[in-house]
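Q: Hi! I'm new to this one, could you walk me through it?
A: Happy to, let's take a look together.

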Amino acid sequence: MSTVNSTLTLRWYLFVLANKTLELIWDLYVKASKTLTLIWNVSKIVKKTLVLIWDVDILASKTLALMWDVTVLASNTLTLIWTLIGRVEKTLTLPWNLIGRIYLTLSLKWNVSILVNKTLTLIWTVRVLASKMLDLIWNVRILVSKTLTLMWSLIGRVSRTLSLIWNIDRLVKKTIPQKPTVASIERTPRIPTVERIDKRGLR
Amino acid sequence: MSIISSDIQWFKSIQADSDGGTISSNQIADATLNNLFPDTTGDQSAAGNITYRKIFLKNNHGSLTWQSVVFWISSQVDSDESFSVALGTSSDTDPEAPSYTTPLDKGSGLSIGDLAPAASQGIWIKRTTPAGATAFPNATGILKAEGDSL
């Protein structure tokens, strides 16, 4: 007995889908679409938020405008009050200025009185000084008078001394005759010479 | 003269695509592309698929009985797919009726018993393609039957 076997080999191809990439693209497309939808929804939310912000902004703007008007009104009111205060101040300033003028006038008069007082004091001082100067001049004059008197006395004495000397001299000259001197001869008149006559003729 | 390998023949079943019924006259060409199973399409590989086929093992010897015949899967499919087998009747058509096993050696093989001359035995083959199977050219699985002969 022998063993007999038989084999049967079966063959085929195993394929896979070649459109996986397309599915991937489709998945990507679906995801992108969902993402875009999400973005679109987010953008709508953002848009609504922006509209809300815009409305809030408008409301805030109007509120600010109202506050601005109120501020302007308050400012005008304050300006009016300030103007009134200014008027009152000017009204009060007038008597104040008047009082000031009176004060200045009184001060001026006081200063003038002080000036006059000082001037009088100065004049009095000058007068005292002049009096002392006159006293000094008087004393100087007396001194000079006494000096002149003294000098006169001295001159009198010198004169007397000289007179005495002169008299002594005359007495001596009368006592002792003197010879004529050359000078006395020269003082005598001389006869005109020819030469002198010629000089007169030439003139 | 003893039975030789050429006396043992594999035939398709009668129904279209060999998916059940009695034995046909169409012998299965060995080691030929799509000799029993069609190609697994992309959709099938993507989604997963099960394909049943019914074949017949016939003792075509003129006088000798092929004795103590055992059938098993000699070589499991070399792709992501797999074979499991079950014995059928001479004319059954419901592929899900039998209980399938995966005998990979003679010891665990399906016992057919004796096949008289010109007798045949129906065998169900279940090809399982898991979802997401990888592409594979010339996916090959080998079935083997062995018995004794005088």
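Q: Which residue is the bridge partner of L10(A) in β3(B)?
A: That's T32(B). Strand β1 (residues 2-14) of chain A runs parallel to β3(B), joined by two bridges. Strands here are DSSP E runs of at least two residues, and helices H or I runs of at least four, numbered from the N terminus; two strands pair if DSSP finds at least two bridges between them. This is a predicted model, where local features need pLDDT of at least 70, side-chain atom pairs count only at pLDDT 80 or more, and totals for chains, interfaces and linings use all residues. Residues are numbered from 1 along each chain as its sequence is written, chains are lettered from A and ligands numbered from 1 in the order written, and side-chain values use heavy atoms, leaving out hydrogens and water.

Q: How many residues does each chain bring to the contact?
A: Chain B brings 52 residues and chain A 17, with contact meaning heavy atoms within 4.5 Å.

Q: And which element of chain B gives the most to that side?
A: β9(B), with 14 residues.

Q: New topic: what's the strand order in the open sheet of chain B?
A: Its five strands go β2-β1-β4-β8-β6, with antiparallel pairing.

Q: Why is one side of β2 and β6 left without a neighbour?
A: β2 (23-27) and β6 (82-87) of chain B stand at the edges, each with a single partner strand, so one side of each has no neighbour in the sheet.

Q: How many bridges link β4 and β8 of chain B?
A: There are 10, in the antiparallel sense, with β4 covering residues 49-59. R53(B) stands opposite I125(B) in β8(B).
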